[in-house]
Amino acid sequence: MTHVRSAPPRSGGRGRREAPPRAREAAAPDDPALTRMLFAALALLFALRVAGALSPSNWLWGVNTLRYWPRPLGVAIALLAAAGFVPAVARRIAGTLDALGAAWERAPGRGDALAALAVAALVFALRDPVEFAGDFGLRVGALATTLDPHVLFPQAYPLDALLHFQLAHALVAAGWSPETALQAIGAAMAALFTLGCLRFVRACGARGAAFVAGALVLIAGGYLTHFAGYEKYGPVLAGLAFAAAGAVRLAREGAHGEWELAAGANAAVLTHRVGFAVVPAVLVAFVLAALRAKEAPRRASVLFAGLTCVLALIALAPFAWHVFTTIDRSVHLPGGEVAKTLGSAGTSDELLRASDTLNALFFLAPLALAGAIAAALLQRSAPARRGRAMLPALAGTAVVGALGLMLFVRASRGSGRDWDASTAPALVVALATTGALVAAWRRGAARTLAPAVTLALAAAATSWALHADTSMNLARIDTLLAATPAWSPTARSFAHDHVGLFALNHARWDEAARQFDAAYALEPNPRYVYQEGLADLKAGRLARAEAEYREAIRRGTRASDPWTGLANLALARRDSAAAFALADSALARNPRDVQAGALARLAHAATP
């Protein structure tokens with residue numbers, strides 16, 4: 001019998017081996033309309049960043065991060081962002097992404113582990129010296145006490161208290177500094193978050209270059225800096241990433257992914273109340289998956305996984321209601337007594353909330369606009385197949401909840417400062433829009449991979465610089481305090497106080513005194529006067545320091561600090577008898593004042 005061997009396909013006279021199925025999927029025919037629209041969206045995002053760099057307005061705090069860079073470095077970052085739009089450069093970037101994706105696909109476990117370790121190392125190494133965003137400084141101080149965490153932070157949820165107080169206390173007891181303990185926990189959470197993001201991008205069907213690009217776009221969001229210091233939302237972010245991966249698998253594969261969805265969602269709601277924003281989407285996912293399950297064992301698995309989420313919600317309901325009625329209703333929601341003190345004079349509260357929501361999205365999820373446009377175009381041009389029809393419903397439900405949270409819940413320290421409160425809802429938007437970008441790259445818009453990656457990397461660089469560089473951090477604070485729409489007097493006094501304490505801790509006595517004076521001019525808090533006196537004492541201005549300490553006492557402060565300050569002044573003037581009497585007055589107000597006790601002993605020993 002004669003065997004006839006079929007001829008290989010030819011192109012240009014040379015034979016080519018047939019590409020494997022995954023490679024064929026990644027090389028979908030180009031969709032010109034989709035590509036043009038995505039290019040336009042990415043170009044608009046680039047233009048917004050450049051325009052923001054030229055404006056100090058607080059209406060643009062989410063896109064003006066380049067403004068604080070030294071000009072040569074700022075131009076270099078802008079060129080990096082623009083590089084992906086240059087065809088010759090874009091082809092090289094796409095080739096590099098493809099090669100990296102192929103190598104990653106050959107050893108996915110090793111690649112994921114290396115990526116997680118790299119992100120953890122970045123988070124652990126780069127710390128925020130100013131600690132302006134979030135409450136990292138407060139949590140570091142809490143680790144120096146033996147008080148129950150719920151005394152200092154009555155709103156702390158169980159997993160938050162377990163990780164960031166009990167585990168952190170154990171590390172401190174083992175000899176770690178409070179800052180290092182919290183930073184190490186943040187690095188571990190960042191590694192877990194990275195693994196969840198990689199699982200999500202892979203669940204979306206990304207392969208090769210699209211997988212690497214999707215991972216970079218998602219992981220490089222501004223929320224990543226949250227792990228390097230502020231971190232109370234860390235388990236929420238990691239949980240949301242795994243929950244999203246489980247939801248996509250559940251939608252795409254019928255019954256798989258339910259336990260990953262349940263574990264991620266439970267981690268989110270057990271850590272912080274912002275996790276409740278995704279509860280409707282999670283419940284919708286379980287209901288739809290149970291209805292679609294054809295086999296009884298699969299249906300039971302989905303229902304039991306969903307039941308764990310319901311039980312977690314029931315267990316947390318009393319505590320969540322207590323936090324809502326005692327804290328959130330007054331502090332964070334529109335119309336609350338504290339929230340009223342944080343509005344911007346002369347600016348509509350509704351307009352300011354809408355502006356802050358958009359700015360937070362641009363700051364934390366830089367490519368969300370492009371992803372939203374991709375989602376809309378894909379939904380119009382190619383309606384979802386039956387097996388994947390639940391994905392748009394889940395994504396839409398989750399995004400609506402996230403945007404509602406960002407729009408109606410206000411943090412307490414001013415626009416552009418407490419952006420960490422938006423990290424979780426912004427991540428939900430980033431997950432949905434990254435999934436849409438991955439789908440667009442797989443369905444004909446692969447030529448937009450390069451500009452998406454360069455824009456994401458440039459945005460990440462600006463976020464990390466504002467986080468880790470003292471001069472850029474302080475320059476941004478100065479702009480936020482001076483620009484319009486102006487912060488409320490309360491928010492500005494908080495900011496001046498924070499910067500003053502930073503200056504005081506770094507021996508910048510004149511700057512510290514100036515900041516405390518500005519804080520007191522906005523809000524006559526006796527503590528600000530005392531702190532200004534402390535700065536003047538350190539600078540050798542004894543008469544001014546004494547006047548400020550006595551003013552703090554006259555203003556009615558019950559703290560022992562001004563009396564301790566006066567005792568220090570008396571010792572500096574070699575009046576040990578007066579120093580002893582003043583230290584004794586401080587101890588009468590606070591028997592636990594360690595400094596006053598030490599001064600009393602020192603003064604007693606020096607008294608003839």
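Predicted model: local features only at pLDDT ≥ 70, side-chain atom pairs only at ≥ 80, totals over all residues.
Visitor: What makes Cys197 a cysteine in no disulfide?

Guide: Distance. The nearest cysteine sulfur, that of Cys204, is 11 Å away. A disulfide needs two cysteine sulfur atoms within 2.5 Å. Seen from Cys204, the closest cysteine sulfur is in Cys197, and 11 Å is too far for a bond.

Visitor: Why is Cys197 called buried?

Guide: Buried means under 20% relative accessible area. Cys197 has 0%, so the term applies.

Visitor: And how do you know whether Cys204 is buried or exposed?

Guide: Its relative accessibility is 11%. The cut-off for buried is under 20%, so Cys204 counts as buried.

Visitor: Where is Thr225 found?

Guide: In the loop between helix H10 (208–219) and helix H11 (234–253).

Visitor: What makes Thr225 buried, though?

Guide: Thr225 has a relative accessible area of 3%. That falls under 20%, so Thr225 is buried.

Visitor: Which residues is Thr225 in contact with, leaving aside neighbours within four places in sequence?

Guide: Tyr230, Trp419, Ser463, Trp464 and His467. Contact here means heavy atoms within 4.5 Å.

Visitor: Turn to helix H3. How do you know that its span agrees with its number of residues?

Guide: H3 covers residues 71–83, which is 13 residues. The expected span is 1.5 Å times one less than that number. That should give 18 Å, and the end C-alpha atoms are 18 Å apart, so the two agree.

Visitor: Which residues of H3 are buried, and what covers them?

Guide: Gly74, Ile77, Ala78, Ala81 and Ala83 are buried. Their cover includes helix H2 (32–53), helix H4 (87–106) and helix H20 (449–468).

Visitor: Which residues form the nonpolar patch on the surface?

Guide: Trp259, Leu283, Phe304, Leu307, Val310, Leu311 and Ile314. Together they have about 660 Å² of accessible area.

Visitor: What makes this a patch?

Guide: Members need over 30% relative accessible area and no salt bridge, and nonpolar side chains are joined within 5 Å. These residues form such a patch.

Visitor: Which helix gives the largest share of the patch?

Guide: Helix H14 (residues 296–331), with five residues. Leu311 lies in H14.

Key. Residues numbered from 1 in each chain as written. Heavy atoms only, no water. Buried < 20%, exposed > 50% of the residue type's maximum accessible area, 1.4 Å probe, protein only. Helix = DSSP H or I, 4+ residues; strand = E, 2+ residues; numbered from the N terminus. Patch = residues over 30% accessible without salt bridge, like charges linked within 9 Å, V, L, I, M, F, W, Y side chains within 5 Å. Areas by Shrake-Rupley, 256 points an atom, 1.4 Å probe, with all protein chains shown as cover. Salt bridge = Lys/Arg side-chain N within 4 Å of Asp/Glu carboxyl O.
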